[in-house]
Amino acid sequence: MSLQQAPPSRVFVELVPWADRGRENCLISGGETLPGPRRPLPSAQSQSTVREVHVSGTAEVSAVPDRAQIAIRVSSTKEAAAEAKKSVCRRLDYISQSLQQQGLQEENVTVTKDFRRVENAYHMEAEVCITFTEFGKMQNICNFLVEKLDSSVVISPPQFYHTPGSVENLRRKACLVAVENAWRKAQEVCNLVGQTIGKPLLIKEEAAKEWEGQTDDHQSSRLSSSLTVQQKIKSATLHAASKVFVTFEVKGKEKKKKNL
């Protein structure tokens, strides 16, 4: 008696990813499969994390002083009070006219007067404080007054300084230049590895400092009265330094489509 031949069977095989192993137990007889719980495969975009480049940037900027101040002292000692006052006021008028001819504004000139008795005489002293924004004009006025007035008029050496606004602008400039240097560094790194730089993700200023003059300037130990005008300007020059840490996003270069 011959055995009846079984009908041929068909087998369907599906390669299930490891993340979708729940389907491998959902086979039924005859090689058919039932739809089981299926999780979508993670896309390449979701698998990849945000790529970043971390760089630091430093900058050092400087600014010369934007203001200078001098003091002109006029004094006179006379037996008569009126004579002392007249002598000082006459020279004050001459100084005032000279300043006006040079285009100086009244708000940049301050005059103080002191009158007292010294033994059997009267002494009057006046001080004219002048603030300059143009150092060349300051030197011209000082030279002119020294030439025209006698030795009773004393002009103090100029004092150079920075206004609060200029100091704040210098600090801000140092930080901005440091960030710009960090961006250029990150851009060059991305170009080197065939990528493009994206938006900044983090900007942090790690250090900032400021100082006047040069740290290695041996002239700083000398008396200020012995310094020339240019040396005083250099000594009063303000320096500011900044160091920043910046994180940028890194993007792949887009492929250019060929024109058909």
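**Close-up views of a predicted model**

**View 1. Helix 5 and its buried residues.** In helix 5 (residues 229-236), the buried residues are Gln231, Lys232, Ile233 and Ala236. This is a predicted model, and here we look at what lies over those four side by side with their names. Helix 3 (135-148) and strand 6 (159-161) are among the elements that cover the buried residues of helix 5. The cover also includes strand 7 (195-212) and strand 8 (238-252).

**View 2. Helix 2 packed with helix 3.** Two packed helices are described by the angle between their axes and the distance between the axes. For helix 2 and helix 3, the angle is about 150° and the axes are 11 Å apart. Their crossing is right-handed. Helix 2 brings Tyr94, Ile95, Ser98 and Leu99 to the contact, while helix 3 brings Ile141, Phe144, Leu145 and Lys148. Sorted by class, the contact has six nonpolar residues, one polar and one charged.

**View 3. The largest pocket.** Have a look inside: the largest pocket holds about 240 Å³ of space. It is lined by 14 residues, and the closest to its centre are Ser96, Leu99, Gln100, Val109 and Val111.

**View 4. What lines the largest pocket.** Helix 2 (81-101) and strand 3 (109-118) each supply at least two residues of the lining. Helix 2 gives the most, with seven residues. The lining has eight nonpolar residues, along with three polar and three charged ones.

Notes: Residues are numbered from 1 along each chain as its sequence is written. This is a predicted model: local features need pLDDT of at least 70, side-chain atom pairs count only at pLDDT 80 or more; totals for chains, interfaces and linings use all residues. Side-chain values use heavy atoms; hydrogens and water are left out. On a 1 Å grid over the protein atoms alone, a cavity is a set of points where a 1.4 Å probe fits but cannot get out, and a pocket is an open set with protein on both sides within 12 Å along at least five of seven lines; lining residues have an atom within 4 Å of a point. Grid points are joined across faces, edges and corners, and a volume is the space filled by probe spheres set on the points. Helices (H or I, at least four residues) and strands (E, at least two) are DSSP runs, numbered from the N terminus. Ala, Val, Leu, Ile, Met, Phe, Trp, Tyr, Cys and Pro count as nonpolar, Asp, Glu, Lys and Arg as charged, and the others, Gly among them, as polar. Buried means under 20% relative accessible area, exposed over 50%, partly exposed in between (1.4 Å probe, protein chains only). Contact means heavy atoms within 4.5 Å. Axes are lines fitted to C-alpha atoms, for helices over the stretch in contact, and angles run from 0 to 180 degrees between N-to-C directions. A crossing is left-handed if the near helix is turned anticlockwise from the far one by less than a right angle, and right-handed if clockwise.
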